[in-house]
Amino acid sequence: MYVISGDINVRKRVTKTDEPGSDEDAEMALARRLRFAREHIGLVQADVATALDIPRASVSAIESGKRRVSSLELRRLGRLYRRPVAWLLGEEGTELDADAPLLQVTRVLSDHDKEQVLRFAEFLADAGRPGSAPAERVE
């Protein structure tokens, strides 16, 4: 991109580093968020490569900021990682509720499995309180 100064014949080349919050910074932040989201749900790069029908090396390049992500790939990654695209892009006001991933995962469980998860959650909650007695269940 070129910026023309007061004299129409003088042009200055504007580099990415001349701009505040450069694209390079945004691309690296996206790469970090993509890796975090993948690891958070327990996928390996090969799983993502299969889902997107791209080589695993491309997933590695995306996560290291060496390869750009197309808008279609970004949308597919958001769906795969169960994250809004706005969150992947780091837009303000898109922080996730800490309980949202838990709710999303348990939605597909059977009633019996949900009961087991609830018991385990209650156990963890009680274990974190020193000297606390096991919580009584209300049904």
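1. Phe-120, Phe-123 and Leu-124 make up a nonpolar patch on the surface, and together they have about 330 Å² of accessible area. Patches are built from residues with over 30% relative accessible area and no salt bridge, with like charges joined within 9 Å and nonpolar side chains (Val, Leu, Ile, Met, Phe, Trp, Tyr) joined within 5 Å. The areas come from the Shrake-Rupley method with a 1.4 Å probe, and for residues only the protein chains shown count as cover.

2. Please bear in mind that this is a predicted model, in which local features need pLDDT of at least 70 and side-chain atom pairs count only at pLDDT 80 or more, while totals for chains, interfaces and linings use all residues. Residues are numbered from 1 along each chain as its sequence is written, and side-chain values use heavy atoms, with hydrogens and water left out.

3. The structure holds two aromatic pairs, where rings of Phe, Tyr and Trp (its six-membered ring) pair if their centres lie within 6.5 Å, and where planes under 30 degrees apart count as stacked, over 60 as edge-to-face and the rest as tilted. One of them is the tilted pair of Phe-36 and Trp-87, with 6.2 Å from centre to centre and 45° between the planes. This pair links distant parts of the chain, since Phe-36 belongs to helix 1 (residues 23–40) and Trp-87 to helix 5 (residues 85–88), 51 residues apart. Helices (H or I, at least four residues) and strands (E, at least two) are DSSP runs, numbered from the N terminus. Phe-36 is partly exposed at a relative accessible area of 43%, whereas Trp-87 is buried at 6%; buried means under 20% relative accessible area, exposed over 50%, and partly exposed in between (1.4 Å probe, protein chains only).

4. Phe-120 and Phe-123, already met in the surface patch, form an aromatic pair that is stacked, with 6.2 Å from centre to centre and 25° between the planes. These two residues are separated by about one helical turn because they stand three residues apart in helix 7 (residues 111–127). Phe-120 counts as partly exposed at 48% relative accessibility, while Phe-123, with a relative accessible area of 52%, is exposed.

5. The ring of Trp-87 also deserves attention for its charged neighbours. The charged end of Arg-33 sits over this ring at 4.6 Å from its centre, and the charged end of Arg-83 likewise sits over the ring of Trp-87, 4.5 Å from its centre. A charge sits over a ring if NZ of Lys or CZ of Arg is within 6 Å of the ring centre and within 35 degrees of the ring normal.

6. How many salt bridges are there? The count comes to six, a salt bridge being a side-chain nitrogen of Lys or Arg within 4 Å of a carboxyl oxygen of Asp or Glu. Among them is the bridge between Glu-73 and Arg-67, at 2.9 Å from N to O, in which Glu-73 is buried with a relative accessible area of 12% and Arg-67 is partly exposed at 28%. Another joins Glu-115 to Arg-119, with the closest N and O atoms 3.6 Å apart; both residues lie in helix 7, four residues apart, about one turn of the helix. Glu-115 is partly exposed at 24% relative accessibility, and Arg-119 is partly exposed at 45%.

7. Arg-35, Arg-38, Glu-39 and Glu-63 are linked in a network of salt bridges. Arg-38 is buried, at a relative accessible area of 7%, whereas Glu-39 is partly exposed, at 44%.

8. Helix 3 (residues 56–63) has Ser-58, Val-59, Ala-61, Ile-62 and Glu-63 as its buried residues, and what covers them includes helix 1, helix 2 (45–52) and helix 4 (71–81). Just after helix 3, Gly-65 takes a positive phi of about 80°.

9. Two further backbone positions may be worth checking by eye. Asp-53, in the loop between helix 2 and helix 3, has phi near 60°, a positive value in a residue other than glycine, and Asp-53 is exposed with a relative accessible area of 69%. Arg-82, in the loop between helix 4 and helix 5, also has a positive phi near 60° in a residue other than glycine, and Arg-82 is partly exposed at a relative accessible area of 42%.

Notes. Contact = heavy atoms within 4.5 Å.
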